Amino acid sequence: MGEANIFRMCEGFYAELETSAVRHMFPQDMKEASKKIAAFLVGLFGGPPLFQELYGAPQMRARHLGFAIDEAARQTWLNCFKKTLEHPDKYNFPSEYLPGFIRFIDEFSAWMVNRKPA
Ligand code: HEM
């Protein structure tokens, strides 16, 4: 799908997060914020390790510890991503990889949960 499409997909995802219940956790500039996860996904999808080059060691769980992420926040985050992925053609996302990627975000996001329900 190429780097540019991954960055565009993450912009679309952060546009979903913009109107979600977890919006308050994210910085003002969502377009800018979306570039970090895009850089991470470029590496994950087999491209250059952009995240490491720009921001250092991934340490994803540690990077999320400052945010109170409970199961509800995870579901909100996941639903925003799933909504974005309802239009894979928009980003040239190869449909044969879609189920595997959804499984990945499902499992990986569980790892970011760092709080019991309020
Ligand atoms: C469980 C649901 C998740 C929530 C609620 C969540 C929330 C957040 C928040 C609030 C930030 C900080 C934004 C900022 O300051 O720029 C962040 C950063 C980030 N998230 Fe998540 N996240 C979740 C899961 C994930 C997953 C599964 C991934 C990877 C596939 C991911 C990748 C990233 C990256 C790369 C950053 C930037 C880290 C940095 O500051 O250097 N997140 N996330």
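A crossing of two helices is right-handed if the near helix is turned clockwise from the far one by less than a right angle. This briefing applies that term to a predicted model, in which the crossing of helices α1 and α5 is right-handed. Two packed helices are described by the angle between their axes and the distance between the axes.

**Helix α1 against helix α5**

- Helix α1 covers residues 3-18, and helix α5 covers residues 71-84.
- The axes of α1 and α5 come within 9 Å and cross at roughly 130 degrees.
- On the α1 side, the contact is made by Met9, Gly12, Phe13, Glu16 and Leu17. On the α5 side, Trp77, Cys80, Phe81, Lys83 and Thr84 take part.
- By class, the residues of this contact between α1 and α5 divide into six nonpolar, two polar and two charged.

**Helix α5 against helix α6**

- Helix α6 spans residues 98-110, and its axis comes within 10 Å of the axis of α5, with a crossing angle of roughly 160 degrees. Angles over 145 degrees count as roughly antiparallel, and α5 is therefore roughly antiparallel to α6.
- The crossing of α5 and α6 is right-handed.
- From α5, the residues Arg74, Trp77, Leu78, Phe81 and Lys82 meet Phe101, Ile102, Ile105, Asp106, Ser109 and Ala110 of α6.
- The contact of α5 with α6 has seven nonpolar residues, one polar residue and three charged residues.

**Residues at or beside the helix ends**

- Thr84 belongs to helix α5. Its relative accessibility is 4%, so Thr84 counts as buried, the limit for that class being under 20%.
- Apart from neighbours within four places in sequence, Thr84 is in contact with Met9, Gly12, Phe13, Glu16 and Tyr91.
- Glu18 is located in helix α1 and is partly exposed, with a relative accessible area of 36%.
- Glu18 touches Arg23 and Met30, when residues up to four places away in sequence are not counted.
- Glu18 and Cys80 are 62 residues apart along the chain, and their C-alpha atoms are separated by 9.5 Å.

**Met25 and its contacts**

- Met25 lies in the loop between α1 and α2, the latter helix covering residues 30-44.
- Leaving out neighbours within four places in sequence, Met25 is in contact with Phe67, Ala68, Ile69 and Ala73.
- From Met25 to Ala68 there are 43 residues in sequence, while the distance in space is 8.5 Å, C-alpha to C-alpha.

**The iron site**

- The iron atom of the ligand has His64 as its only protein donor, through NE2 at 2.0 Å.
- His64 is placed in helix α4, which comprises residues 60-64.

**Positive phi angles**

- Most residues other than glycine have a negative phi.
- Gln59, although not a glycine, has a positive phi of about 35 degrees. Gln59 is found in the loop between α3 (50-55) and α4.
- At 54% relative accessibility, Gln59 counts as exposed, because exposed means over 50%.
- Asn92, also a residue other than glycine, has a positive phi near 60 degrees. Asn92 lies in the loop between α5 and α6.

Key. Residues are numbered from 1 along each chain as its sequence is written. This is a predicted model: local features need pLDDT of at least 70, side-chain atom pairs count only at pLDDT 80 or more; totals for chains, interfaces and linings use all residues. Side-chain values use heavy atoms; hydrogens and water are left out. Helices (H or I, at least four residues) and strands (E, at least two) are DSSP runs, numbered from the N terminus. Buried means under 20% relative accessible area, exposed over 50%, partly exposed in between (1.4 Å probe, protein chains only). Contact means heavy atoms within 4.5 Å. Donors are N, O and S atoms within 2.8 Å of the metal (3.2 Å for Na, K and Ca); water is not among the atoms, so sites may look incomplete. Axes are lines fitted to C-alpha atoms, for helices over the stretch in contact, and angles run from 0 to 180 degrees between N-to-C directions. Angles under 35 degrees count as roughly parallel, over 145 as roughly antiparallel, 65 to 115 as roughly perpendicular and the rest as oblique. Ala, Val, Leu, Ile, Met, Phe, Trp, Tyr, Cys and Pro count as nonpolar, Asp, Glu, Lys and Arg as charged, and the others, Gly among them, as polar.
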